[in-house]
Structures are given as C-alpha cells and as structure tokens.
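Hi,

Here is the structure I promised to pass on.

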Amino acid sequence: MCGIFGMIGDGAVGNTLRALGYLEYRGYDSAGIAALRKDRIDVYKTAGRIAALKKFIGDVPETDIAIGHTRWATHGEVCAANAHPFLSPQGRFAIVHNGIIENYRDLRRELNGALFTSDTDSEIVAHLLEKEYRGNALEAVLATARKLRGSFAIAIVSVSDRVLYAIKNKSPLIVGMSEEGAYLCSDIRCASHWASSVAVTPDDTVVELSDNGARFFRLDGTPIEVAFFAPDKAEEAERVDGDFMLKEITEIPSKLRLAEQGYFSSGGLGLTRDIARRLSRVYLIGCGTAYHSGLEAAAVARQWLDIDVLPVIASEFIYDNYTVDGDTLAIFISQSGETADTVRACERVRRSGGIAYAVTNTDSSSLTFACQRTLNIRAGAEYAVASTKAYNCQLVTLTLMLLDLGRMRGTVSDATYDEVLRGLEELPRAVEKILEDGYGIAQLAEQLKNSTAIFYIGRTADYPTACEGSLKLKEISYIHSEAYPAGELKHGTLALIDNTVAVVAIATSRELRDKMASSVTEVATRGAKVIAVSPYTFENAVRLAIPETHPYLYGIAAAVPLQLLAYYIAKRLGRDVDKPRNLAKSVTVE
Ligand code: AGP
C-alpha cells in the first residue's frame, strides 16, 4: 500500500527512485516524484510500475531535495492524474500522502471554486497548504495539519524555505538522518539503506527537516523531543531467478527451526505465573493470513487451555464490543507489523487496560511500538504479497506461547510439552518431504486450473488450514474459492458442487477420518474432483500426502501443499504471483 520517501541531500532524485524500488513490495499501481529546483518544483508521475516512471523521467538533472510516492488507489481510478505528488495551485508546495483524509469532501466544499486536477482525497492537502500560507511555510503546515481527519503520513516540499515537512497521524512515518542527508520514509527497512539513525514519528506530529536536522512539533506548534536509534541495516533486496513466493515456501523448513530457537532465546512467553493464572481470556487478533494463524492456534490450544482463546479479525475487533480488562491477554499477529486494522485493534486493547503482545516478523514496526512485548517469528523478509513462511512461523511461535501458558496454568504436563517439542524438531524434515513432492503438486495444478471454483473443507483444526489454503488460491489465481467446516457443506454449499468444481479436503485427524471420508464421498458423488491433503488415503480422492506429525502441529505442515498448489495453479494461469492484482503487501489504511 502507498509508500512515501523524501530526501534532503546530494542525488535526491536518484536516491528517491531507488527508494521507491524498495517500497514496491508494499503493492502499488502508480508512482511519481517531485524534485525541488531553484525556484520551482518539477513533478513527474505515471500509472504503472517504477520502471515506467524511470522511462518517463529519463535523464533529468539531479537536485538536493525530492519526494516520491508509490500509490495504491483508494480514491480515484488508476491514472497519471491521480498519481502523487500533487502541486499546490501556485506551485509553492508539492505533497505525497499515504492514508486516507476522511474529511476531504467537507474540506473541498470549504474551498468552493478551487480547481482540482484529480479525484483523490490527497490533493486537498496541497490546496490547504497554499490557502494557509502567509509567508511562513511551517505555520502553513501546522494550520493544514489541524484541519485533517483520518490516517496520514504526508511528505511536503516547500519552495519558499527549501525545507521538507511531514504530517503524521496513524500511518507509519520514519525520520532518518545520516552524514549524507535527512530522510522521510514509510518504513524502517527502506530508510535503513541510507539512515544511520531513525525516529518513529508519533501521531499528531509535524516534522521539519532541513540541513540543520529534524524538528518535531505538536499540532499547536509546541516542539517535542523524539528519540533516534540505530536501525538494523536491511539487506539489499534479494533478486531471485524465479518467484519470491516459491523461494519463500522453500525456506519454510529452515525458518521453522529459527522460529523455535528465536522463541526460546528471546525469553519465551514472558508472563509471570501470577498473571498467567489470573488471565480470563486470550484474544488472537490479525488480518488475512495472520488471522488464520490465530484461528489455527486457537483450535489446537482449545485442547489444553482452560480459558477461552478467541481468534478475532482485527477490523471487527475495533468496532465490536469484545470484553477487555486487566485479565485479558491480546496477541496481535502481523507479518509486517504495519497493518492499520491490527494496530488500531491493539490501541483499543491498550486503552481498555488489557495486556498487548505482538507476534510479528518485523521489529521496530508500528505494532511493536504499540505492544508491551514483541515475539519475533524470524521468518526473514517476505516479498511476495501472498504470505507463506510467515504463517508457518507464526504458528510455531503461537503454539509455544499457548503451551507455555498451559504449563503455567497447570493444564499442560511436562510430558506433553516435551512431546510437542520433539514433534517440532521433526517438523522441518516433514515439510522437506512435502516440498520434494512439488512436481506432483504442479501436475495436479494443471488438472485443476480450469475449475470454476475450488472449495476447501476441514474439521476442527483442519478448518483454519482450509481457510488459509482458500485465501492463498483466490489471491493469486483469481479462481473463486471458499472454505467450510466439512460438516457445514450439506447445509447449503452442496448446491454449488458439480463436475466443474474441485474440493480440497484437509484431513489430518485420525479420530475424524471416517467423518471426512463421508464428506469426500458427498462431494465426489456429485462430480467434484477431490484432493485429500492427509496422512491417510481416501477413496474417490487424489492424495496430497503429508507425513504423520504431532497432532498439535499438523496445521503447520498441511499448509505447505496448499501454498504450493495455489502457486502452481496461478503460474499455469499466467498470473503475476508475487504481485497479484488489487492487493498490497502492507495494508496501512483501515
Ligand atoms: C496474505 O497472503 C495476504 N496478502 C494478507 O491476507 C495478509 O496476511 C494481511 O494483510 C495481514 O498482513 P500482516 O500479516 O502484515 O498484518
């Protein structure tokens, strides 16, 4: 989702273009930059990829102040006119924006008669800056900031004083400094390519960035201190011969080991026995794949915990009336740590006095700053929009956390705990075996690619796996897909089953094997092609075998053939698997 970058320093145009490359992973549909010249700002923007922008810009002269933007359309179609930056009417300011200005319609009405060049909510900022300008750019920025409602990280170039400004509320904004320059950026990973020290800008803040350094202000103009720290240096974005998604799936075995080691080396659950015993509920909160890992972890933890473990979709949690008090542990799951819905849900828990933990792949993210404790899943950077290895590693971390909680509450014995640890040790090898069968899965994909719909079914802890398999398929192949608890099919969805659809049945439970066999027969007799993801064989179904593993850990292994199946189907349909249409890697608006 939108990425912003700004720089004061030599080679600002070249560096900004390079930074937009680092921000590509967030997902975008158009891009642009603004370069400050002696007494004007030049804006270059196009629909499409950064490569198109570079071609469009050609060999423009360098400068020492520039801002850039990758846009993921929310207001207004994808076209050059709606791409950022936007110039203010008299050309005094140029702005780029990540987030949503919720009151932009009201603000536009107030500017009765003003000529807008786009359909975006963002352009209003450029107009307000001009309107509020009375000879002092900082005052104009502060006055504009006070009028905005919603979520925004805005970078502003000002011609009059040759300064970069920023306004920040609820969308991530990093300020960076180095010997060579000063920077504004949407994420630390990108900023760390230049900055030797970074600061996370608090909400409701205006930043002034000049040759003299960074100054931070509350919206009433009061200066505030914000701490700088040295970021971990991001590695150069790797280039792979094939697709990032496939590379990330093949990394799962090694990352599972790191997730387990990381959990123990970082001190584990980190609750005192008293607090663990006093807890009355645990929420597992996230979006998309992260929500599914919560759904799966809750399904297995129900086997051993004596309190409610409730998986909740973050965007629902914010507006619903879930009970939160001092005896509530809320675990927020997010690969990026920047998902706006998840961060908002966390703020809600903190306001209500609950204990907020982050399970994330990204240290120093908005989520880690909002939570009291962070457990890093150590999956390594994910570039493909479709999350894969993070899911498996989230499950390792969550399973260990909830097992430790069970131990502290006396509901998990040492023997059970040791058994699961042994199972975890064997898991990477089990996943390697699944990966070795990639060719078989690719062949199956060929047979399934023309299905009109693919349904995923499972019971109890296999149902979340079905949800994740279905999400993976729909997001990268664009085939219609839904997941159901297997027993629920006959209450309506069975009407959709015929010989044009496929059904993927996840069946890892020995006890529920016969029940699943009935579900498989139910859909097979109606003509569906059935694939069973299981350690067992089923009549009427092609089997994607998974090795036997500990019952609490099946979800971690069973997701892998589903990730591969989605990947190969999408490839056979010629989709852009790493950058599927309409989706963003980092969803920074609610
Ligand atoms: C996963 O394949 C999706 N692209 C998406 O559902 C993702 O999991 C979701 O947006 C949450 O992201 P997060 O883990 O970075 O918070």
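At what angle do the axes of helix H15 and helix H19 cross? Before the reply, one caveat: this is a predicted model. In it, H15 (residues 414–436) and H19 (residues 554–572) have axes that come within 10 Å and cross at roughly 20°. Since angles under 35 degrees count that way, H15 is roughly parallel to H19. The crossing is right-handed. On the H15 side, the contact is made by Leu427, Val431, Ile434 and Leu435, and H19 brings Ile556, Ala557, Val560, Pro561 and Leu564. Sorted by type, the residues of this contact are nine nonpolar, no polar and no charged.

H15 and H19 also turn up around helix H8 (residues 252–265): together with helix H7 (244–250), strand S19 (373–376) and helix H14 (389–408), they are among what covers the buried residues of H8. Those buried residues are Ile252, Pro253, Lys255, Leu256, Ala259, Glu260, Gly262 and Tyr263. H8 has 14 residues and reaches 20 Å from its first C-alpha to its last, close to the 20 Å expected. After H8 comes Gly267, with a positive phi near 100°.

Then there's helix H1 (residues 12–23), which spans 16 Å between its end C-alphas, close to the 16 Å expected for its twelve residues. Nine of those twelve are buried, so H1 is largely enclosed by the rest of the structure. Among the buried ones are Asn15, Thr16 and Tyr22. The buried residues of H1 pack against strands S1, S2, S4 and S10, plus helices H2 and H6.

Cheers

Notes: Residues numbered from 1 in each chain as written. Predicted model: local features only at pLDDT ≥ 70, side-chain atom pairs only at ≥ 80, totals over all residues. Heavy atoms only, no water. Axes fitted to C-alpha atoms, helices over the stretch in contact; angles between N-to-C directions. Helix = DSSP H or I, 4+ residues; strand = E, 2+ residues; numbered from the N terminus. Parallel < 35°, antiparallel > 145°, perpendicular 65-115°, else oblique. Left-handed = near helix turned anticlockwise from the far one by under 90°. Contact = heavy atoms within 4.5 Å. Nonpolar A, V, L, I, M, F, W, Y, C, P; charged D, E, K, R; others polar. Expected span 1.5 Å × (residues − 1). Buried < 20%, exposed > 50% of the residue type's maximum accessible area, 1.4 Å probe, protein only.
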